[in-house]
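Let's take a walk through this protein, one part at a time. Keep the picture open while you read.

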Amino acid sequence: MPGFIIDLDGTLYAGTNPIAEAAPFIHYLQDHDYPYMFVTNNSSRRPEEVAHHLFQVTGIQANSEDILTSAQAAAKYINENILGRKVFMIGENGLAHALQNAGLHLVAGPEDKPEVVVQGIDRSFTYAKLAAACRCLWEGAVFIATNPDLQLPSEYGLTPGAGSLTAAIQAASQVKPVIIGKPSAIIMRYAIEHLGRKAEDIWVVGDNLATDIGGGVAANCKTAWIRSGVGAHLAADELIQATGINPEVTCSDLYQLSCIITARYGHV
Ligand SMILES: [Mg+2]
């Protein structure tokens, strides 16, 4: 029986707009007892807030345990690798919550000698934060970046993503980060572990070829590229050629994916 790792923004909703086939697709998975997990690179919201937003926009009910954010994965990675307990964070509420929830202590700056710098999206990013992060890194802290997305879609068009802030810190400090979010193997491994299935029995479903499908291919999962969100207006073959990332199936929408799953696994 297959399991599913499903992207949120651009796949089930587009910001505050639902994607029409999203709720029927999740009901399809539920009807067939296919296990699934929602995996998002967005570190700004707590899992409960992600679940609330998902329900508000699409009507899909989710438990917070069904959701894995890059913030949670970053916290887990720090603990798993025993990097330290004192963290200098550049980020928003969801990241702060995930780190504190994992027993980590947020400190004010380099004078507190943090062992780790964690950076996610921070819409109050400043020169002072950039300088503080650099000092922490120069004094030996490990640099963790929640996700590599350089740009994010918004109602005003594209806006800078967490990866753009990472680039600034990396340029200034000359320290390379450990990247946690998709397409990193780190978040993929945590999601695969949660589903408790072999990677080859898991479908990674998403709209972003570079992050969702790239992460799925690297993790040896099956991949379904849904042409609903990022780059939906661009030609599929050109994007595949430009990225070198080849999805197992390309679907115009999630209904088409459910037909492919039914054909492949043949259930009643
Ligand atoms: Mg997406």
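## Two domains

Domain bounds here come from an automatic or database domain assignment. On that basis the protein splits into domain 1 (3-41 + 182-265) and domain 2 (73-179). Their centres, taken over C-alpha atoms, are 27 Å apart.

A quick word on the ground rules: residues are numbered from 1 along each chain as its sequence is written, and side-chain values use heavy atoms, with hydrogens and water left out. This is a predicted model, where local features need pLDDT of at least 70 and side-chain atom pairs count only at pLDDT 80 or more, while totals for chains, interfaces and linings use all residues.

## Where the domains meet

If we call it a contact when heavy atoms are within 4.5 Å, then 10 residues of domain 1 touch nine residues of domain 2. Buried area is the accessible area (1.4 Å probe) that two parts lose on being put together, summed over both. For this pair of domains it comes to about 790 Å², with 60% on carbon and sulfur atoms. On the domain 1 side, N41, I186 and Y190 supply 59% of the area buried against domain 2, more than any other three residues.

What about charges? A salt bridge needs a side-chain nitrogen of Lys or Arg within 4 Å of a carboxyl oxygen of Asp or Glu, and the rule finds one across this interface. Helix α7 (residues 185-195) gives the most to the domain 1 side, with five residues; helices (H or I, at least four residues) and strands (E, at least two) are DSSP runs, numbered from the N terminus.

## The magnesium ion

Donors are N, O and S atoms within 2.8 Å of the metal (3.2 Å for Na, K and Ca), and since water is not among the atoms, sites may look incomplete. Which residues hold the magnesium ion? They are D7 (OD), D9 (O) and D207 (OD), at 2.1 to 2.2 Å. Along the sequence, these donors are spaced D-x1-D-x197-D. D7 sits in the loop between β1 (3-6) and β2 (13-14), and D207 in the loop between β13 (202-206) and α8 (209-218), so the pair ties together parts 200 residues apart in sequence.

Most residues other than glycine have a negative phi, and most peptide bonds are trans. The bond from K182 to P183 is cis, with omega near 10°, and P183 lies in the loop between β12 (178-179) and α7.

I82 is not a glycine, yet it has a positive phi of about 45°. You'll find I82 in the loop between α3 (70-80) and β6 (86-90).
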